[in-house]
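Student: I am new to this structure and would like to go through some of its side chains slowly. Could we take a few questions in turn?

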Amino acid sequence: MLGLFSSPDGLRRTRFHDEKGNRVDAAGMVYAPAAFLTAAAKRLFGWRPHRPMISYRAQRVLAARLKPDSLAVEFGSGMSTPWLAVRCGRLVSFEDHPGWAERVRRMLAEKTIGNVDYRVRPSDAFADVGDLADGSVDFALIDGTDREGCARAILAKMRVGGTIYLDNSDKDMTNPTGDVRRTEAVLREAAEQSGWPIRLFTDFSPTNFFAEQGMLIDVTSPWRGPT
């Protein structure tokens with residue numbers, strides 16, 4: 001029974017704490033059964049739900065914000081790709097693993113989803129969004145290679161009223177100069193300079209029966225950069 005609650009990786013106090021030491025609150029505990037069941041299904045049967053592996057509560061926020069005319073960008077494709085695509089007008093999705101990209105393409109084809117601009121890039125070009133107009137992006141999910149570079153690249157592209165979400169913002173706590181720690185610092189600096197509110201989610205996510213943190217930023221004014 002103790003193993004059910006103990007840390008699965010030694011990086012957190014218990015399954016109910018993120019790697020920063022924050023504990024899931026009562027509202028977040030509502031999603032513990034769903035996280036447990038999907039984690040068991042993934043482990044036993046290799047099954048994954050077609051939805052982002054991010055905070056259940058963050059998913060609810062994003063589902064309410066994405067509109068049929070939204071332009072969304074995701075750095076790191078996967079189960080999130082079809083979920084986002086059916087909720088927005090156009091999705092630009094970046095991936096650096098060709099084998100995984102083929103699996104995602106098959107998912108999109110099976111669901112006859114045709115509004116995804118899917119870009120397979122090497123890691124040294126992963127964050128290149130130069131063809132996207134400044135102030136055009138309604139939502140950006142940062143969850144893949146070179147998160148710091150992706151964060152810096154997307155800031156000028158965000159539309160006022162848009163949303164940035166950094167997944168796993170509690171990672172690299174044992175490596176203060178790691179990519180996630182640098183990325184969070186970049187986004188916090190941008191938010192402070194521009195007066196953007198930040199909301200943190202310590203929560204469960206699909207297929208993960210342990211708490212993780214995600215950081216959501218509301219782009220309430222033009223970016224004042226640079227960082």
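**Arg 181 and the charged pairs**

Tutor: Let us begin with one contact in this predicted model: the side chain of Arg 181 reaches the backbone oxygen of Ser 169 at a distance of 3.1 Å.

Student: In which helix does Arg 181 lie, and does Arg 181 count as buried or exposed?

Tutor: Arg 181 belongs to the helix that spans residues 179–194, which is helix 8. Its relative accessibility is 14%, and since buried means under 20% relative accessible area, Arg 181 in helix 8 counts as buried.

Student: Leaving aside its neighbours within four places in sequence, which residues is Arg 181 in contact with?

Tutor: Ser 169, whose backbone oxygen the side chain of Arg 181 reaches, is one of them.

Student: How many salt bridges does the structure hold?

Tutor: A salt bridge here pairs a side-chain nitrogen of Lys or Arg with a carboxyl oxygen of Asp or Glu within 4 Å. Counted in this way, the salt bridges of the structure number 19.

Student: Asp 203 forms a salt bridge with Arg 57; how many residues apart in sequence are the parts that this pair ties together?

Tutor: The closest N and O atoms of Asp 203 and Arg 57 are 3.1 Å apart. Asp 203 is buried, with a relative accessible area of 2%, and Arg 57, at 16% relative accessibility, also counts as buried. Because Asp 203 lies in strand 6 (residues 198–205) and Arg 57 in helix 4 (residues 56–65), the pair ties together parts whose separation in sequence is 146 residues.

Student: Arg 105 and Glu 102 also meet in a salt bridge; about how many helical turns separate them?

Tutor: Their side chains meet at 3.1 Å, N to O, and Arg 105 is partly exposed at 35%, while Glu 102 is partly exposed at 39%. Both residues lie in helix 6 (residues 98–110) and are 3 residues apart, so the separation is about one helical turn.

Student: In the salt bridge between Asp 143 and Arg 147, which residue counts as buried?

Tutor: The two side chains meet at 2.9 Å, N to O. Asp 143 has a relative accessible area of 24% and is partly exposed. With a relative accessibility of 9%, the residue that counts as buried is Arg 147.

Definitions and conventions. Residues numbered from 1 in each chain as written. Predicted model: local features only at pLDDT ≥ 70, side-chain atom pairs only at ≥ 80, totals over all residues. Heavy atoms only, no water. Helix = DSSP H or I, 4+ residues; strand = E, 2+ residues; numbered from the N terminus. Buried < 20%, exposed > 50% of the residue type's maximum accessible area, 1.4 Å probe, protein only. Polar contact = N/O pair within 3.5 Å; in protein donor to acceptor, adjacent residues only side chain to side chain. Contact = heavy atoms within 4.5 Å.
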